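Colleague: I have some questions about this chain. Let's take them one at a time.

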Amino acid sequence: MLKIKLFQILALCLFTFAFCPATFAQTLTVRDIMREPSLAGMRPDSEKLSPDGKFVIFAWNAEGKEPRNLYIVSTGGGEPKIIVDAEKNFELRTPAPESKLNYGVIVRDDFIKAREKNLGGADFSPNSKRILFTQNGDIYVLDLGVKSNAEQIQILDKNWLKVQDASQILSDLTPKLIKSAQASGISSLDNYLDTIDLYSKLLSDLKQSPQNEKGIETEQQRADILQSTRDLINALNPLLQPQIKIPKSDLNKNFIKLFIQLADEATGIINRVDVATADYNSALQNFSTKPRRVTRTQGAEFAARWLDDATILYQSGGNFYALNIEKTALVQLSREANPQTFISVSSAAPTEDATLLAYIVSDSSKQRALLVPNYLDEFVQSPTFRRGFTEQKVFVVKTDGSLEKPFEIKIPKAEGASYLRGVDWAADNRSLIVDRVDQDTKRRQLFYVYNVGGKDEQTITITEETDDKWIGGLSRIVEANPKDNSQILFASERDGYNHLY
């Protein structure tokens, strides 16, 4: 019976080969073989666990195609949900001028264009309330929020009433202010016809009846009132400047006194409007479930991560920057990078309290340029690769930008060519661990720089390991004890086997 079954299967295979040759004669290119969707399906990637352990974010697409969306799921269970749709969030940059030299050399098909819309570097803030990610070379921030929708709406409406009240008072005061300015001889009415039009526009926006069921202004109505208020303030500002010329006349003395009183009152109201608007915008940002684009530059921002709950560390144009998204404050942390002279910065290592940043400066200017032709495309390309030794230094800077110049970490000079594998901070946020390996990988040194930047700064050689062959990759583990600044953990094969010390 088994022989009969095997014969039937063999006969079926022969029939398929004989009568369906087109099925097996298909030409498959490398692009066809490697394109999405994968035979195993699209796997989630870029998984991140929130610091409080309550959520996981990951990149994935339910349809198995690029671009990947950003999902979030509770560690306590439940269905994952999309929090950022990559296709909808994508904003096209102004394309670079087309170069005839690139025609036929650089090929960007639909698959490549879709991948360019992917989200990168998703990261939770330390308090787990915000997520940052990059897309198309810019940084976005998504506020997850800790309050319910009802609570957030209540806070939003409360802040809006303050804006509305201050705008109403300003609109009521404007005609009196203009009339007193005219009566005082400060300026003629003709100079303020545009201001009167703006006042009328604000009054009209304030009197618009709410268009939703709950009797609350729509988002567009509120935006119109905010814009009308700002336009009126800009028009009134020249009249409220301290240096404005007030005529000295006994005839208009009472009108001048009234104008000065009303101008002081208007200045105070404008301050109230500014404070109320700032509070409302802050509440609006916290309520929003849409990502905020916090950078909009011609260059590209990458390697973004949180320094603290409000500050983002990222790299752009070769250098490191710190951006506080609440204070809208930007600090350039490093200034040494210069692609034209082949100087770069890397390995940014902030302290746990985010007050100091250590980084490595690499000078490759003495390397030799090698031209390696690439024959794969329609036209031969000849990219330049640089090879040779690199000089490296470690610098430390304060993240608040209070240091005009970073200070250099002094470590013993290497006997030959070497490279720095990385830097790490000890638990005291003041002492630095530097890992250095010779270029031939036959020697590895660990340095402990005690109290960086202090008068008692001291560099201690923790360990120096040599091997006639090479220092293995696994034996290069080094970690600072997060609780005790006098201890570090490192791996070594000094006794012939890889052990932790």
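**Burial and salt bridges**

Modeller: Arg68 has 13% relative accessibility, so Arg68 counts as buried. Keep in mind that the model is predicted.

Colleague: Which side chain meets Arg68 in a salt bridge at 3.7 Å, N to O, and ties together parts 23 residues apart in sequence?

Modeller: Arg68 lies in the loop between strand 2 (55-60) and strand 3 (69-74). The partner sits in strand 1 (residues 45-49). The side chain is that of Asp45.

Colleague: Glu66 also forms a salt bridge with Arg68. Is Glu66 buried or exposed?

Modeller: The closest N and O atoms of Glu66 and Arg68 are 3.7 Å apart. Both residues fall in one class, under 20% relative accessible area. Glu66 is buried.

Colleague: Lys65 forms a salt bridge with Glu63. Why does Glu63 count as exposed?

Modeller: The closest N and O atoms of this pair are 3.1 Å apart. Lys65 is partly exposed at 45%. Exposed requires over 50%. Glu63 passes that cut-off because its relative accessible area is 58%.

Colleague: How many salt bridges does the count come to?

Modeller: Some are linked in a network of Glu91, Asp138, Arg293 and Arg296. Arg68 with Asp45 is one of the pairs. The count comes to 20.

Colleague: What is the relative accessible area of Ser167?

Modeller: Ser167 is found in helix 6 (residues 149-183). Ser167 touches residues including Leu202, Ile225 and Val273. Ser167 is buried, and its relative accessible area is 0%.

Note on methods
Residues numbered from 1 in each chain as written. Predicted model: local features only at pLDDT ≥ 70, side-chain atom pairs only at ≥ 80, totals over all residues. Heavy atoms only, no water. Helix = DSSP H or I, 4+ residues; strand = E, 2+ residues; numbered from the N terminus. Buried < 20%, exposed > 50% of the residue type's maximum accessible area, 1.4 Å probe, protein only. Contact = heavy atoms within 4.5 Å. Salt bridge = Lys/Arg side-chain N within 4 Å of Asp/Glu carboxyl O. Lists of a residue's contacts leave out its neighbours within four places in sequence.
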